[in-house]
Amino acid sequence: MWPVQKKRNLEPFEARTYRRFDDVPEFSSGIVDGYYVAKAHLDSPVVLHFNGAINHDKYKVLPVYHGWSWFRNVDASFVHTHDEMITAENKLPLAWYIGGHLVDLMEKIRDSLRGMLGGRRVDLAVGTSSGGFAAFRAVQIGIADKGLAVNPQTDILKYHRKWVRHYLEQIWNGDSRNSVLAMRKDLLSFIGRERPGALFYYYQNEDDVFHFKNHYVPFRDAVASHYKSEPSPWNFTVYSNAEFTHHPPPEEIFTQWVLHVLGQQHRIETMGEKLTRLARKVLSTGRLLSAWAVMTLCSLAELLSDMGCALAAF
């Protein structure tokens, strides 16, 4: 295939700051309202990515945007988030994007995205571990249409005791029975109350024994028990990878899953297709351009597309 046009993702600390999503150039990246945006073209779907656990020994400067360099071959614009409840002072590795007593962080994200994206829908929310929990919750409250989670927690209080205790002390004054926390802490309450049209894609590594046993199996069984004779919005996939266990899968595999949920093949816009799109855009906007220039642009686009087909045959 003819070489594809990839997004040029600058590292977050090198990226320019922009006021709006629309201001970020196509196939480039930038910081918008605290989000790291890796943009494809304007018509591409939008994917919202949530962080997993933060290693404070590795990352000395916050915020951190996990996966900022991933998915460069996906025809989508990625908006990478960070959990503002995680600070250098409290050294929380994860906080599940649920906020605290005074604010539901997911609702805050929903409201800020409405302004930043200028009315665009988020097609997919994605994350691993605590980011997967957040991705499913983002779908449930109406941020995204679909959610993809890899090895997520389904109940915060059933995570490893050491980190649950630290989290509760830092955010909830040690109170595991807090009524606000109780409304946000698990995904089981979603079952049977999913937002109409929402779809959830749950990927679980069976070699991640802790999460498979304590989170995946109880949740899968609860979904099966509820949806006995009617279609379920939940899609479950179990895979095996003893090397990565709870860690995110290799980028190539993760990319394939994202492409599958988005309904795409493993490719993004070729240069020929981009030129064709630009030519059509010029004509549709009514800009003054000579017929010769338009024909030349379209001919070049067709030539490049033909070359791509020819090269693919080798």
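This is a predicted model: local features need pLDDT of at least 70, side-chain atom pairs count only at pLDDT 80 or more; totals for chains, interfaces and linings use all residues.
1. Nine strands form an open sheet with mixed pairing. Their order across the sheet is β1-β2-β3-β5-β4-β6-β7-β8-β9. The edge strands are β1 (17–18) and β9 (234–239), each of which pairs on one side only.

2. A parallel pair. Strand β6 (residues 122–128) and strand β7 (residues 144–150) run parallel and are joined by six bridges. Within this pairing, Gly127 has Ala149 of β7 as its bridge partner.

3. The helices. Helix α2 (residues 130–140) packs on the sheet, where it touches β4 (46–50), β6, β7, β8 and β9. The direction of helix α2 makes about 160° with that of β7. Helix α5 (residues 209–226) also packs on the sheet and touches β8 and β9. The direction of helix α5 makes about 145° with that of β9.

4. The position of Gln204. Is Gln204 buried or exposed? This residue belongs to strand β8 (residues 199–205). Gln204 counts as buried because its relative accessible area is 0%, and the cut-off for buried is under 20%.

5. The surroundings of Gln204. Leaving aside residues up to four places away in sequence, Gln204 touches Asn151, Pro152, His211, Phe212, Tyr216, Thr237, Val238 and Tyr239. With one of these residues, Asn151, the side chain of Gln204 makes a polar contact of 3.1 Å.

How values were computed: Residues are numbered from 1 along each chain as its sequence is written. Side-chain values use heavy atoms; hydrogens and water are left out. Helices (H or I, at least four residues) and strands (E, at least two) are DSSP runs, numbered from the N terminus. Buried means under 20% relative accessible area, exposed over 50%, partly exposed in between (1.4 Å probe, protein chains only). A polar contact is a pair of N or O atoms within 3.5 Å; within protein, one must be able to donate a hydrogen and the other to accept it, and residues adjacent in sequence count only if both atoms are side-chain atoms. Contact means heavy atoms within 4.5 Å. Two strands pair if DSSP finds at least two bridges between them. Axes are lines fitted to C-alpha atoms, for helices over the stretch in contact, and angles run from 0 to 180 degrees between N-to-C directions.
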